[in-house]
Amino acid sequence: MKNRKFFAIIIAVALTITMLAPAALADTIKIGGLAPLTGPVAQYGIAVQEGVDLYIELLNARGGINGSLVEMVWEDERGDVTEAVNAFNKLVEQDKVVAIIGSVTSGPSLAVGDQAVEIGIPIITASSTAFDVTYNKPNYFRTCFLDPFQASTMANFARDEFGAQKVAVIYDNSNDYSLGLAESFRAQAEANGQDVVAYEAGAGGNVDFKAQLTNIAAQEPEVLYVAFYYTEAALVVAQAAEVGLDVKFLGGDGISGIENVISDVALLENSFFYSDHFASDATTEAVVDFIADFTAKYGRAPTIVFSATAYDAALVLCEAIEAAGATDFDAVVEAMKNTNTEGVTGKLTFDENNNPTKSAFIMTFVDGNQTFVKQQDP
Amino acid sequence: MTFVNQIINGLHVGSIYALIALGYTMVYGIVKLINFAHGDIIMVGSYTAMVIMTELTGLPLWVGLLIAMLAAMLVCTTFGVVIERVAYKPLRNTQRIAALITAIGVSLLLQNIAQLIFSPNSLPFPVAIRVPPVAIGEMTISFITLLTITVSVLLMLGLQAFVHKTKIGKAMRAVSEDRDAAQLMGINVSTTISVTFAIGSALAAMGAVLYSTAYPIIIPTMGAMPGLKAFIAAVLGGIGVLPGAMLGGFLMGVAESLTNGYISSQWGDAVVFGILIVVLLVKPSGILGRRTSEKV
């Protein structure tokens, strides 16, 4: 009986001490990593893991966050929503991580979203582009930009680079990705005072866009925003030449890969410009350093852009923990909201839905290879 | 001027539909079979031409294109004849539905073989022609468009002459009118049917090369849509009637182009299929089709 009371007191004291422990940082800070490390989308998960691990390794080598080392605890969710929820629970309950980086594809990221909001844990994804992942979720952030954002960036690029006053858009009205790009491009172009002289729909999966291109050519625009994936875009470029449409082509990240399906790569040469999340041949100091560090650690350059956005996700999170000087959820989330930093994928702040407002990398083609043109800052 | 350009765009794709429609209509005219594998013969032709043109890099473009066309015609003709012998001939005297289903099976078989050999991904079709657009007055017309329309019209005229002026053409017409009677008159029906498949497939091969030159991305399922539209063109013009297939093809192409250009691309296919429904309601035998009453 006495013994039991004694233990009860000890436990109570211990609990009180834990609760009263100052918000200062522990010796090691545990951050959870949620990613598909095996399974059909493993290549994205591994790319994210590599980017995060690189940042953490460099950070610890510099002395960590205010002297506390950071430890990554990775859980494999295999691209599956159920596995993702289980892995999330394990990270939170067993590993007691202070924040989570993940998940990678949009399905699992959405699956853990509600629970993350309930707990309030800071969570940041490097690669999920579905709008709802961060919408109405005050503690869920991301470092990859969304489709509408890259389209408006291209409207600015058309203005800054070509002084384009007359712009045209061709899009697929049966595809959300394409519709989103087209509408945002048009909105930004109009906001810039540019004239949207043609806004033509072409159904995806079609091969014949000459009718639309003939209409567009009649309006004589200076640039044409091609809100398609690369297959249709390749057909658009080839047929534009046929109907005598002489413009600069612009597009989103879905254009990457067009150089493999177009019949004549010369048509792309300095004439097709598209936005991407990252360019490994960019010449900014941050990118050059990142590529060098990555190659030193893994023996090869990163192949998937999400390694870079993952590096930035880790950077945003660790800088926020440092700024908060604590690991309690609310303080870190608050610090993340106030992020204003420069990562390897450019300048980065968050908007009201925790989506990044950041630089886009503008690419074109030289000798049939993707080539970095410039970094378009927001 | 845009309007004239849209008409020309329509004639371009329409002439390709017409070439393919000829194959449908000839086969239907003779064996009363809708050969659904015909669309996939286009795919076979495109891949053949692609392989040949990728191999023959040293030659001038037009020589490469010519050789690719001949090779595609050869391969497609072989495919057409072999398919008829292996898949359709044994079913010639059974119910028509049996052959129709076999045709769908052959279509799937061809698509899957192509996927195995070439992967299901899109591949670029090599540049075949590098000639600047031709200026006619204020208009510019791409050389590919001119070439396609010219070649198609010449082939159609040639086919018309072949069917009406040669002995085998006469045999084809005879078999088409009454197979049993033709056989009794000493016409070799099997040979005639083989020749029909051969010619239809060769025209499809030409259509394939012209199609891929205009839309230079090829995938194993590429034959389905042009095949379907060409079939509709054949029905529209009057299936079994050669000039009907040509007329149907051109009408389809122009209707599609004008809808895409002036209404919405979402409606392009709907209008085309809508025209088919209207024609079937008003004149089920097609525009140039003759009303035939079953002889008892």
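Predicted model: local features only at pLDDT ≥ 70, side-chain atom pairs only at ≥ 80, totals over all residues.
Chain A is assigned two domains. Domain 1 is made of two segments, 11-145 and 284-358, and domain 2 spans 148-276. The C-alpha centres of domain 1 and domain 2 of chain A are 35 Å apart.

Chain A contains an open sheet of 5 strands, paired in parallel and ordered β2-β1-β3-β4-β5. The edge positions are taken by β2 (69-76) and β5 (140-142) of chain A; each has a single partner strand, so one side of each has no neighbour in the sheet. On average, neighbouring strands of this sheet are turned by 25° against each other, direction ignored. Strand β1 (residues 28-35) of chain A runs parallel to strand β3 (residues 99-101) of chain A, and 3 bridges join them. Within this pairing, I31(A) has A99(A) in β3(A) as its bridge partner.

Two helices of chain A lie across these strands. Helix α12 (residues 306-324) of chain A lies across β1, β2, β3, β4 (123-125) and β5 of chain A, at about 165° to β3(A).

Between the chains, 24 residues of chain B are in contact with 24 residues of chain A. On the side of chain B that touches chain A, at least two residues each come from α1 (2-31), α5 (143-165), α10 (242-263) and α11 (265-282) of chain B. The most is given by α1(B), with 5 residues. This side of chain B comprises 10 nonpolar and 14 polar residues, and no charged residues.

Methods. Residues numbered from 1 in each chain as written. Chains lettered and ligands numbered in written order. Contact = placed C-beta atoms within 7 Å. Helix = DSSP H or I, 4+ residues; strand = E, 2+ residues; numbered from the N terminus. Nonpolar A, V, L, I, M, F, W, Y, C, P; charged D, E, K, R; others polar. Domains from an automatic or database assignment. Pairing = 2+ DSSP bridges. Axes fitted to C-alpha atoms, helices over the stretch in contact; angles between N-to-C directions.
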